[in-house]
Amino acid sequence: MDTKVPPYFAVVCVLVMLLLLGGGRAPVAAVTCQVSQLSVCASAILQSGAPTTICCAKLKEQEPCLCTYFKDPKFRKYFNSPNAKKVATVCSVPFPHCS
């Protein structure tokens, strides 16, 4: 009995392996860290107002950058304030614990 494997079978196996190893997730676009993007959150952070939907969207977008902002002495006092924690909670953005 001759059991030849069709050539496309190898391609399918490679694709399945790539999906399994890569978790099947699409690549995520890189975020450009610009603290100015969070200026829409200034009133919520500085005056304890309610964050707008735009603020929450920008906060979620800049989430990977938050530790960078925390570590910057110019911004630390704003991002480490009780109001900033409230904004993060309302926007459902995990408050980062940076080391």
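Is Cys41 buried or exposed? In this predicted model, Cys41 counts as buried, because its relative accessibility is 1% and the cut-off for burial is under 20%. Cys55 likewise counts as buried, at 0% relative accessibility. These two cysteines form a disulfide, with sulfur atoms 2.1 Å apart. The link of Cys41 and Cys55 is right-handed, with 115° about the S-S bond. Cys41 lies in the loop between H1 and H2 and Cys55 in helix H3, so the pair ties together parts that are 14 residues apart in sequence.

The structure holds four disulfides. Another of them joins Cys33 and Cys65, whose sulfur atoms are 2.1 Å apart. This link is left-handed, with -85° about the S-S bond. Cys33 sits in the loop between helix H1 (7-22) and H2, and Cys65 in the loop between H3 and H4, so parts 32 residues apart in sequence are tied together. Cys33 is partly exposed, with a relative accessible area of 40%, whereas Cys65 is buried, at 1%.

Cys67 and Cys98 also form a disulfide, their sulfur atoms 2.0 Å apart. The torsion about the S-S bond is about -90°, so the link of Cys67 and Cys98 is left-handed. Cys67 lies in helix H4 and Cys98 in the segment after H6, so the pair ties together parts that are 31 residues apart in sequence. Cys67 counts as partly exposed at 25% relative accessibility, and so does Cys98 at 30%. With the bonded cysteines of the chain numbered in sequence order, the pairing is 1-5, 2-3, 4-7, 6-8.

The largest nonpolar core has 17 residues. Leu38, Leu59, Leu66, Tyr69, Phe79, Val87 and Cys91 touch the most other members. H2, helix H3 (53-61), H4 and H6 each supply at least two residues of this core. Beyond its neighbours within four places in sequence, Val87 is in contact with Ala44, Ile45, Pro51, Cys55 and Leu59.

One cavity of 30 Å³ or more was counted. The largest cavity holds about 90 Å³ of space. Its lining includes Ile45, Leu59, Leu66, Phe79 and Val87. H6 gives the most to this lining, with three residues. By class, the lining has 11 nonpolar, no polar and no charged residues.

The largest pocket holds about 180 Å³ of space. Among its lining residues are Leu38, Cys41, Ile45 and Phe79. The largest share of the lining, three residues, comes from H2. Nine lining residues of this pocket are nonpolar, one is polar and none is charged.

Note on methods. Residues numbered from 1 in each chain as written. Predicted model: local features only at pLDDT ≥ 70, side-chain atom pairs only at ≥ 80, totals over all residues. Heavy atoms only, no water. 1 Å grid on protein atoms, 1.4 Å probe; cavity = no way out; pocket = protein on both sides within 12 Å on 5 of 7 lines; lining within 4 Å. Points joined across faces, edges and corners; volume = space filled by probe spheres on them. Helix = DSSP H or I, 4+ residues; strand = E, 2+ residues; numbered from the N terminus. Nonpolar A, V, L, I, M, F, W, Y, C, P; charged D, E, K, R; others polar. Core = buried A, V, L, I, M, F, W, Y, C linked by side-chain atoms within 4.5 Å. Buried < 20%, exposed > 50% of the residue type's maximum accessible area, 1.4 Å probe, protein only. Contact = heavy atoms within 4.5 Å. Disulfide = S-S within 2.5 Å.
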